Amino acid sequence: MGVVSPGFHGRPRESSRRLPPGQYETHDFPVLSAGPTPRIDREDWEFTVTTETGDRHSWNWAELTSLPSESPTLDLHCVTKWSKFDTSWQGVSLDVLLTGVETAADFVMVSSYGGYTTNLPLEDLLDGQAWIAYGYEGDDIPPEHGGPARLLVPHLYFWKSAKWVHGMRLLTGDEPGFWESLGYHDYGDPWREQRYQGD
Amino acid sequence: MADMNHHPDGHPASHGHGHGHEDSDEYEDGNAMAGPLSEIFAVDLTSAHGRCANCGITEPVARLRVYTRAPGLVGRCPHCAHVTLRMTRSPDNAWLDMSGTTTLRIPLTTT
Ligand SMILES: [Zn+2]
C-alpha cells in the first residue's frame, strides 16, 4: 500500500478502493481533541528527540523550517470512522530528523504540548512514512488541527498523528500512550481495522 | 462462604477458623465488593464529588470539563485542566480511568 497517494481524484470506484474497512469518506475536516487547544508561539516552539541513553536532540522553529521539506498528499483515517482523501501538507520527514540520532530503540513515545501522548514502533516513523508537518493546504496549520506543528503518520489511525507535537522518547520497550492505555489498539492499522485492543 | 484455607502471605495455617474475623491478613475476592459497587454505579455519578489528583480541589463530577469530540470522553479538572476521568467504549468493553481522581464522595439517598 502506498502511503503517499498518487493524487488521482475521486471517481467512486477509486474512492471505495481507498477506503479502509468500516470507514466513510468526509469532505470536511473534523476537529477531535482530548483537551483545550494549546497556543504555542513559534519563538517558544521546540521539538526534542530523547534517546534511550538520554541524549537529547532538539530543533527550534527556525531550525525545523530550514531543513529540506516535502509536500505529501495524504489520505487520513480517523478511528471514529471518517476518512479524508487528498490532504496536502508541508513538513520535514522523520528520516531527516532522525538521521543523526544514534539509537538501538524499537519504540517511540510521542508527546505533545498539552500532555497528549501516543506510542508507535520506530520503524513506522522511517522510510518516508512520517513527517513533522508545519503547513496544511498551502498555509499554516491552524491550532485546532495541531499547529504550529504536528506529527503525520497516515498509514496508522489518525490518533497516532499527534497534534501540537513537542517531543519523542526513543524506548527499548513499548509503552501505551493516551488512548492506547484506555482500550484502543496498540498499533492501529486502519486496513486491518485495529481500532480496539484485541482487534 | 469464604474459603479460609488461603494463606497467601505465607502465614502457617495456625489461625483457627474461629479467629477469622480477627485476622487482618484474610481477604475475600472481588465478589465481596459486588453489592457495594452495584450500589455506587447504579447512582448518578455526576453528583459525586471528585478530588483532583493534581491540584487537590474537590468538585462535583458534573463540573468537569468533558471533551467529547474525541475517541473517548476526557474529563478535566475545571481548575487545573488535569485529566481526572476518562472513558472509552468498544463494542465489547467499557474502559474507565480514574487515576487522575484521588477520592470520589458519592452522596447516597437513604429512604
Ligand atoms: Zn485540578
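1. Chain A has a mean pLDDT of 93, with 92% of its residues at 70 or more, pLDDT being the predictor's confidence in each residue, from 0 to 100. Over residues 1-11 of chain A the pLDDT falls below 50, although this stretch still has 21 contacts in the model beyond near neighbours in sequence, a contact being heavy atoms within 4.5 Å.

2. This is a predicted model, in which local features need pLDDT of at least 70 and side-chain atom pairs count only at pLDDT 80 or more, while totals for chains, interfaces and linings use all residues. Side-chain values use heavy atoms, with hydrogens and water left out.

3. Leaving out residues up to four places away in sequence, A:W179 touches residues of chain A, including A:Y116 and A:W159, and residues of chain B, including B:P71 and B:R86.

4. The zinc ion is coordinated by the SG atoms of B:C52, B:C55, B:C77 and B:C80 at 2.3 to 2.4 Å, and these donors follow the spacing C-x2-C-x21-C-x2-C along the chain. The arrangement is tetrahedral because the four donor atoms subtend angles of 103 to 117 degrees, the criterion being that all angles lie between 85 and 135 degrees. Donors are N, O and S atoms within 2.8 Å of the metal (3.2 Å for Na, K and Ca).

5. B:C77 counts as buried at 3% relative accessibility, whereas B:C80, with a relative accessible area of 27%, is partly exposed; buried means under 20% relative accessible area, exposed over 50%, and partly exposed in between (1.4 Å probe, protein chains only).

Notes: Residues numbered from 1 in each chain as written. Chains lettered and ligands numbered in written order. Tetrahedral: all angles 85-135°; square planar, octahedral: opposite > 155°, others 65-115°.
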